[in-house]
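Biologist: Could we go through this structure together? I would like to start with contacts.

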2 protein chains.
Amino acid sequence: MPDVLTLATLRSEGKGALARALTRIEKAPDDTDVIDVLSEAYRAPQAHVAGMTGPPGVGKSTLINGLIKGWRARGKTVACIAVDPSSRRSGGALLGDRIRLATDPEDQGVFIRSMAARDRLGGLASMTVQAMVLMRALFDVVLIETVGVGQSETDVIGVADTVILCVQPGSGDSLQFMKAGIAEIPHIVAVTKADMGATAERARADVVGAMGLSEVAGGWQVPVLLLSALQQHGVDDLIVAIEAHADYLKDGGHLVGARRGQAAQWLIESVRERFGREGVRRAGYLGLEGEDSPFRRLSEVSRRLSSP
Amino acid sequence: MPDVLTLATLRSEGKGALARALTRIEKAPDDTDVIDVLSEAYRAPQAHVAGMTGPPGVGKSTLINGLIKGWRARGKTVACIAVDPSSRRSGGALLGDRIRLATDPEDQGVFIRSMAARDRLGGLASMTVQAMVLMRALFDVVLIETVGVGQSETDVIGVADTVILCVQPGSGDSLQFMKAGIAEIPHIVAVTKADMGATAERARADVVGAMGLSEVAGGWQVPVLLLSALQQHGVDDLIVAIEAHADYLKDGGHLVGARRGQAAQWLIESVRERFGREGVRRAGYLGLEGEDSPFRRLSEVSRRLSSP
């Protein structure tokens, strides 16, 4: 028997109802009650949304556990979305239980959902935005974790208010990226593994130098924090920095516009994805035989479908 | 004055003509002469296509220089495509001159092109396939380099005959990925920085163990090589391994089918991209005002466009 899908029932019925709602949204995103509850949630944002990105192995999972603990200790409810990179061949999520929970599963104030980034067209898993919007209306903080360098690192700016980039001491790669353009993206940089001592300090100095090359976005000075998730060192500083950025967005009047821009971008990408799929359906058989040239076939399909 | 665009003129007029042809393909991919020359090139493959992927900082650029030198010493001509991850905000390529050339710019047997992976829809830069097809008809080897973990790592299988995954000793991340699913993708694994001694040996053993968990694709046993690009150590082994995989594909009769499958996949993705773009155009204004819900707007646009 399906739940009545409204924010009120989700609030009163707890995590199990939310999990079922997310499954329903994935299965029937176009149903009227799904669109209704998402629209209701979109208009009633409660949480600040933080996005955390960085290469695998940098220590994001440990850091997330620390953040969740810290927020819970402050009495805040937390929802977390872990976006898994997918293996295209197998279609499955790579690291199913990537976030090892140190939290109490009975705690109604913590909700965690893993999503496979299996849809290449949407960048982030196409359901990430819907899940975020719903969670944003129900919790105090939403945390979205993405793995990767390149595309997914930039995708998180489309869904988070505050983007945290994690970099690792001694891995020249992150710095290379910082210097070359990704320096524009994060609002906070976390240098992990501060237990590496001098190496970590040097990494921090390098990042600060690299950040100096990029413009400070609208007066926000990007903090570069040294963290040791293992030793729970610096996690409080990170929470404070996220709160400071949240205040900056609210006080500066940037938040509503930024969120509307993200939603409009999602709309454009969704329209593109939907009609792309429809185009493939209308094109019919797209296999190639013998010496068929894919370039000529594309040109033929385009001509045929544009003049029906 | 435009060149006459045929394989014959590209062969006789050298690298300058090829560079101009690639620019023309990017600018006017639907022009008849562009489709003609691409179709001609598609039907006359000459090169084996190797794709190299792995996280930034792993040493791919140095390795590529080594490979190019090695192939040139064997009398082979080489074309190389370096796909740069893009900064979405700036739209530019991140690491413009990422591949530092140790080759003679006057050497007509080496051609290098950097491409920005700026099109999110196509995964790899949408022109990568066209450039590959053209180069494949003109050179003895085509080498495509992509950076990244996750999406772009798997995209390269859509364009290369032989996929080489580079991993770095001591970075647990690569192993995590190997174990979790990307082990299905590479045909050759290169453990770089063999100068790290015991750490490198252990990394190699770990990778061999991880590969053991995945099925051996159609009888090909994935070699795991220890390389030191810095010391030019093992590059010859890599060349030999690529040749062995090329022979395996040809002798087993897999090559033609695999390439046709890639081309068909490209065709489907191109149709999807093209019609997605057309859908956005037809949808008209997609901005959001006030409390407009993006979810309701998507549903309205879909309904409106499907019943014109």
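Modeller: Contact here means heavy atoms within 4.5 Å. This is a predicted model, in which local features need pLDDT of at least 70, side-chain atom pairs count only at pLDDT 80 or more, and totals for chains, interfaces and linings use all residues. Residues are numbered from 1 along each chain as its sequence is written, chains are lettered from A and ligands numbered from 1 in the order in which they are written, and side-chain values use heavy atoms, with hydrogens and water left out.

Biologist: Which residues is E40(A) in contact with, leaving aside neighbours within four places in sequence?

Modeller: E40(A) is then in contact with T6(A) and L7(A). The C-alpha atom of E40(A) is also separated by 9.5 Å from that of V133(A), 93 residues apart along the chain.

Biologist: Turning to chain B, at what angle do α1(B) and α2(B) pack?

Modeller: Helix α1 (residues 7-27) of chain B and helix α2 (residues 32-42) of chain B pack at about 125°, with axes 13 Å apart. That angle makes α1(B) oblique to α2(B), because angles under 35 degrees count as roughly parallel, over 145 as roughly antiparallel, 65 to 115 as roughly perpendicular and the rest as oblique.

Biologist: Which residues of α1(B) make the contact?

Modeller: L7(B), L10(B), R24(B) and I25(B) do, and the α2(B) side includes V34(B), V37(B) and L38(B).

Biologist: How many aromatic pairs are there over all chains?

Modeller: The search finds eight, where rings of Phe, Tyr and Trp (its six-membered ring) pair if their centres lie within 6.5 Å; planes under 30 degrees apart count as stacked, over 60 as edge-to-face and the rest as tilted. W220(B) and Y248(B) form a tilted pair, at 5.3 Å centre to centre and 40° between the planes.

Biologist: Is W220(B) buried or exposed?

Modeller: W220(B) is buried, at 11% relative accessible area.

Technical notes:
Axes fitted to C-alpha atoms, helices over the stretch in contact; angles between N-to-C directions. Helix = DSSP H or I, 4+ residues; strand = E, 2+ residues; numbered from the N terminus. Buried < 20%, exposed > 50% of the residue type's maximum accessible area, 1.4 Å probe, protein only.
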